[in-house]
Amino acid sequence: MRRVSTVIIGAGQCGLAMSNELSAHGVDHVVLERGEVANRWRTARGDSLRLLTPNWLNPLPGLDDTRLDADGFMPCAAFADRMQRAARNIGAPIETDTQVVSARPARGRYIVDTTHDSFEAQTLVIATGACARVKVPAIAADLPPHITQMTSQAYRRPSDLPEGGMLVVGASASGLNIARELQLTGRQVTLAVGNHLRMPRVYRDADMLTWTHLARIFHTPYTEVDDLERMRRLPSLPLLGDPSLADMDLNALQDLGVRIVGRLAGLDRQRVYFSGSLANQCMLADLKLDRLLDQIDAWARNAGFDELTSPPERLARTRVPDAPQLELDLTGGAVQAIVWATGYLPDHGWLDLPVFDRKGRIMHEGGVVAPGLFVMGLPYLRTGLSTHIEGASEDARALAVPLTAALGASLAA
């Protein structure tokens with residue numbers, strides 16, 4: 001049994017941020033990673049995918065970003081390499097290829113068992129993030145065997161899928177990116193659209209995320225949010241990390257030839273069925289976008305930016321077919337493969353503690369789960385930035401306060 005003050009599980013941006021913070025506080029710790037540093041950035045991203053945020057919004061501890069193109073969009077593989085350099089530069093005590101089997105309380109401490117060793121720690125930080133696995137609906141088991149199925153997490157490149165018609169289920173960032181890439185190969189893509197967001201890449205002469213950062217749109221603390229549960233369910237930002245600065249909304253995809261249909265409602269061995277809610281879902285996305293732009297325009301006006309930028313504008317409404325398709329035949333070759341881009345779930349199955357709600361989600365108060373137990377990287381953990389790269393260091397700094405206090409209390413006891 002190895003004893004350490006803190007065990008951090010996960011060596012992504014959250015784990016590295018917390019390791020850097022604990023080193024600054026002189027706290028001895030270890031970071032356990034089931035694969036290598038930035039494992040999910042390497043193994044669960046498409047080959048062509050770039051970060052959706054410009055480089056200036058992706059700081060990592062221990063790295064000087066002055067030589068980067070601040071407004072560029074880094075390929076995910078290159079960002080994973082940067083994370084490895086950051087880990088080396090800050091001297092993070094990472095043990096790779098170490099799978100956590102269980103974590104449980106014992107005698108006021110935590111016992112963490114791994115495939116290689118066991119640790120006893122006064123405090124424990126879960127930094128495995130919110131995207132460990134894709135939420136694939138149970139009805140996927142009813143698909144006929146000739147239909148290829150793939151999750152957005154497993155998708156790497158179009159050549160991994162057969163030629164012919166494609167059905168992409170889900171219109172968050174992953175679904176939009178995959179639908180776009182597949183359509184550009186000449187395949188006919190149908191995109192099943194449920195709850196989604198809409199956001200232009202550029203607004204009033206600046207990147208949209210420049211505006212949200214300046215106006216602090218995503219900085220509201222979780223304690224000041226009216227409907228925290230709703231905020232934690234919001235889809236990912238629908239942006240394309242591409243030098244072209246192209247928009248990636250349903251209108252842009254339809255311009256490429258993508259067919260849009262309603263939310264997946266059911267399927268059998270012969271057909272897949274879609275809800276008639278497409279127009280309503282698109283109307284809601286347009287409404288949310290208008291509210292966001294109203295916030296930005298108000299901030300720009302109050303900050304004196306109106307004279308420095310182009311005037312406010314509103315995007316054309318999302319085009320919806322007059323009679324959206326309500327079903328697709330699975331027997332005639334119109335659908336050769338389905339990509340499930342239906343959202344992600346964390347994986348905390350190894351945590352042996354009664355800290356989960358009825359839906360299996362870990363309960364916490366701004367990242368504090370229980371005495372000495374903390375979590376990072378979940379949606380709206382502390383602010384809307386908690387799942388963004390730039391939010392990792394801020395959350396680590398905030399959680400280091402109760403963590404070091406817990407260590408002090410343990411020593412005093």
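A residue counts as buried when its relative accessible area is under 20%. By this cut-off E120, at 6%, is buried in the predicted model. R3 is exposed, with a relative accessible area of 60%. The side chains of R3 and E120 form a salt bridge, with an N to O distance of 3.5 Å. R3 lies in strand β1 (residues 2-9) and E120 in strand β6 (residues 118-126), so the bridge ties together parts 117 residues apart in sequence.

The structure holds 24 salt bridges. Another of them joins E163 and R187, at 3.5 Å from N to O. This pair links distant parts of the chain, 24 residues apart. E163 sits in the loop between β8 and β9, and R187 in the loop between α4 and β10. E163 is exposed at 60% relative accessible area, whereas R187 is buried at 5%. R271 and E327 also pair, at 2.8 Å from N to O. Here strand β15 is linked to strand β16, with the two residues 56 apart. Both partners are partly exposed: R271 at 31% and E327 at 33%.

Helix α8 spans residues 278-302. At 1.5 Å a residue, its 25 residues should span 36 Å; the end C-alpha atoms are 37 Å apart, which agrees. Buried residues of α8 include L278, C282, A285, L289, L293 and I296. Elements covering the buried residues include β11, α5, α7 and β13. D297 of α8 is also buried. D297 belongs to a salt-bridge network with R204, D294, D306 and R314. Just after α8, G304 adopts a positive phi of about 80 degrees.

Key
Residues are numbered from 1 along each chain as its sequence is written. This is a predicted model: local features need pLDDT of at least 70, side-chain atom pairs count only at pLDDT 80 or more; totals for chains, interfaces and linings use all residues. Side-chain values use heavy atoms; hydrogens and water are left out. Helices (H or I, at least four residues) and strands (E, at least two) are DSSP runs, numbered from the N terminus. The expected span of a helix is 1.5 Å times one less than its number of residues. Buried means under 20% relative accessible area, exposed over 50%, partly exposed in between (1.4 Å probe, protein chains only). Contact means heavy atoms within 4.5 Å. A salt bridge is a side-chain nitrogen of Lys or Arg within 4 Å of a carboxyl oxygen of Asp or Glu.
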